[in-house]
Amino acid sequence: MRVGIIGVSGRLGQALLRAFDGHEVIGWRRADFDIRDHARTGDAILTASPEILINTAAFHNTDACEDDPAQAFAVNAIAVRNIAQACQKCGALLVQISTDYVFDGQKLEPYEEGDRPNPLNVYGVSKLAGEHFVAVICERFYMVRVASLFGAGESLTKRSFVEMVLGKAERGEPLVVVDDVVMSPTYAEDAARAIRGLVEAQAPHGAYHLTNTGACSWYAFAVEILRATGVTGDLRPTTIEAFAPKAARPRYSALASRALIGAGLESLRPWPEALRAYLEARPANAPA
């Protein structure tokens, strides 16, 4: 199987490279071509002619998206249209990575694939626009929503929450973490393997939520990180209002993988188990 992956420098992109080991993989980094450039994007994809194209690229700094909505839509919507058009032209199955932030958090129980999106911020709106482009343009696609990814990665500009917590705790810095925002922590390796599972099973096309099972607040996640590693930290709960972010966040954005189960595939393991797996695989010299 010939697989193209856009965004192989990121956390999920690196995990996908490992997950698709054994297949012919073409990996693209930001320096290879600008997905906002319609002609270059089309040329790159059509020349490679992958059977499967996975797009992990995104402008995902939520507060920065509020400051620069034009850039958010250029990367998360218009560029996705460019990719979708190229995939449709060469007959590639498009796996578009989306986010739990397309939901508003009012449901207060895990969101299923059929629930109506209602994003609260520019990032979520731009990602939802990208979803619509894919659904309208592509005959063959998987819309994969992930959330709160942690795991190893190459040349990351942003460390995962796990590494941030451990780094601050090991340096003796105070850890003030929100306890009123609930999500589904997700190990990038598990999400990547689930994407491979979708593709290999030739599951029905459409939307899929691929997050580790269960949900917790960011504070509860930090508590479990410290407990699992035996690291002592000055950890204190707070509220989202205390941080006063520019962009509104859904208070509850846990996802349920109903479509995955409906396709006859297994749901991802519980997030505490996935966290332990990451911590066991984490190199001793991981950046703090």
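We are looking at a predicted model, where local features need pLDDT of at least 70, side-chain atom pairs count only at pLDDT 80 or more, and totals for chains, interfaces and linings use all residues. Residues are numbered from 1 along each chain as its sequence is written, and side-chain values use heavy atoms, leaving out hydrogens and water.

Let's start with the rings. Rings of Phe, Tyr and Trp (its six-membered ring) pair if their centres lie within 6.5 Å; planes under 30 degrees apart are stacked, over 60 edge-to-face, and the rest tilted. That rule gives 12 aromatic pairs. Take F221 and W271: their ring centres are 5.5 Å apart and their planes sit at 85°, so this pair is edge-to-face. F221 belongs to helix α8 (residues 218-229) and W271 to helix α11 (residues 271-281), so the pair ties together parts 50 residues apart in sequence. Helices here are DSSP runs of H or I, at least four residues, numbered from the N terminus.

Are these two buried or exposed? Buried means under 20% relative accessible area, exposed over 50%, and partly exposed in between, with a 1.4 Å probe and protein chains only. F221, at 1%, is buried, and W271, at 8%, is buried too. Ring pairs also link F150, F161, Y187, W218, F221, W271 and Y278 into a cluster.

Now the cysteines. A disulfide is a pair of cysteine sulfur atoms within 2.5 Å, and the count comes to zero. For C90, the nearest cysteine sulfur is that of C87, 5.5 Å away; C90 is partly exposed at 22% relative accessibility. The sulfur of C138 has its closest cysteine sulfur in C87, at 5.7 Å, too far for a bond, and C138 is buried at 6%.

Terms used
Helix = DSSP H or I, 4+ residues; strand = E, 2+ residues; numbered from the N terminus.
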